[in-house]
Structure formats: C-alpha cells, structure tokens
Amino acid sequence: MKLLDTIKELNANISDVATSEKAKKLRKKLLVGGGIGAGVGILMVLAGFILFMTAGDSMMESMSPSMSSFIFPMIIFMLGGIVTTVSIFFIKAGLTILIGGESSKFIDKTVNTRCECGESVKEGDKFCPKCGRALRKTCSCGKVNEPNAEYCSECGKKLV
Ligand SMILES: [Zn+2]
Ligand SMILES: [Zn+2]
C-alpha cells in the first residue's frame, strides 16, 4: 500500500494542476498553438527547400551564381525548422497536461479520496481525521461529490 500512497500523493498534485480550468485553457492554447506552429514551420521548411532548389536551377541557367539567392531560402528553411521544433515542444506539453488530467481523473475514481490538507482518507469517511474538514462524498457509482452534497450529481442516489 506504500506504492498506492505514493501514487495518490503524486495524483493529488497532478490532479490539482491538470484538472483546473486554467490548465484546460493552457492545454488548448498549447495544442492549438503548437498545431498551427508546426504546420507553419513545416510549410516554411518546404518553401525554403523549394526556393533553394529553384535558386540552384536558375543559377545553372544563367551561370551567374549569387550567394544571396541561396541565403534567403536557407534562412527560411532554418527558421521553419526552429518553429517546428518549438511547436512540437508545445504540443508535447499540451499532451502531458491532457494525459495528466485524464489519468488523475481515472485514479480519482479507482483510488480513494484525499483531504484538502493532504491527508489520505478512507472511502466513506465523512471528516478528515487529521484536520476535521468535511470530506467530499464518493457515491457508489464512483462520482466524487462536494462535502455538502445530499444527492449524487451523477446518478441521483442519496449520499450517506
Ligand atoms: Zn484534512
Ligand atoms: Zn452516483
């Protein structure tokens, strides 16, 4: 049960961070921003590459190589690479929050609850043995309700 306690402790921290409204908004921003960024970045890489090839062609045709016609596509190419890398980092961060939030919801349902003071409490406990705070009520359907709830908000069963 030591491991379970550790998981619960970790979960309490992730859960607070990952399921908050702020995190949800941040997650959306990260995923949408990262997605757009990655798209733009890849387009830039492609554009840079095509421009580079075009510059090579025109150079061979005119036989007058100019370095500037290569530098510009290369800058676009490199910037595209950086934008893509940064965007993928954002997407990863967004996914981490998403997975953290979902897994903590899952653990919340399967493992018992925890008091706001951090003390882990047994299922069915009404008050925290450590600080005396009223605890959230877990319904038999698995839904965790607020301490003052009389009926389950999920299935409507009377909470004891
Ligand atoms: Zn407590
Ligand atoms: Zn219920």
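Author: The side chain of lysine 137 comes to 2.8 Å from the backbone oxygen of alanine 149, and to 3.4 Å from the backbone oxygen of proline 147. Both are polar contacts, meaning pairs of N or O atoms within 3.5 Å; within protein, one must be able to donate a hydrogen and the other to accept it, and residues adjacent in sequence count only if both atoms are side-chain atoms.

A word on the model: it is predicted, so local features need pLDDT of at least 70 and side-chain atom pairs pLDDT 80 or more, while totals for chains, interfaces and linings use all residues. Residues are numbered from 1 along each chain as its sequence is written, chains are lettered from A and ligands numbered from 1 in the order in which they are written, and side-chain values use heavy atoms, leaving out hydrogens and water.

Back to our residue: lysine 137 lies in strand β1, residues 137-138 (strands are DSSP runs of E, at least two residues, and helices are runs of H or I, at least four, numbered from the N terminus).

Lysine 137 is buried (under 20% relative accessible area; exposed is over 50%, partly exposed in between, with a 1.4 Å probe and protein chains only). Yet lysine 137 has no salt bridge, which would need a side-chain nitrogen of Lys or Arg within 4 Å of a carboxyl oxygen of Asp or Glu. The nearest side chain of opposite charge, glutamate 150, is 4.9 Å away (Lys and Arg count as positive, Asp and Glu as negative; His and the chain ends are not counted).

Beyond its neighbours within four places in sequence, lysine 137 has contacts (heavy atoms within 4.5 Å) that include Val144, Leu159 and Val160.
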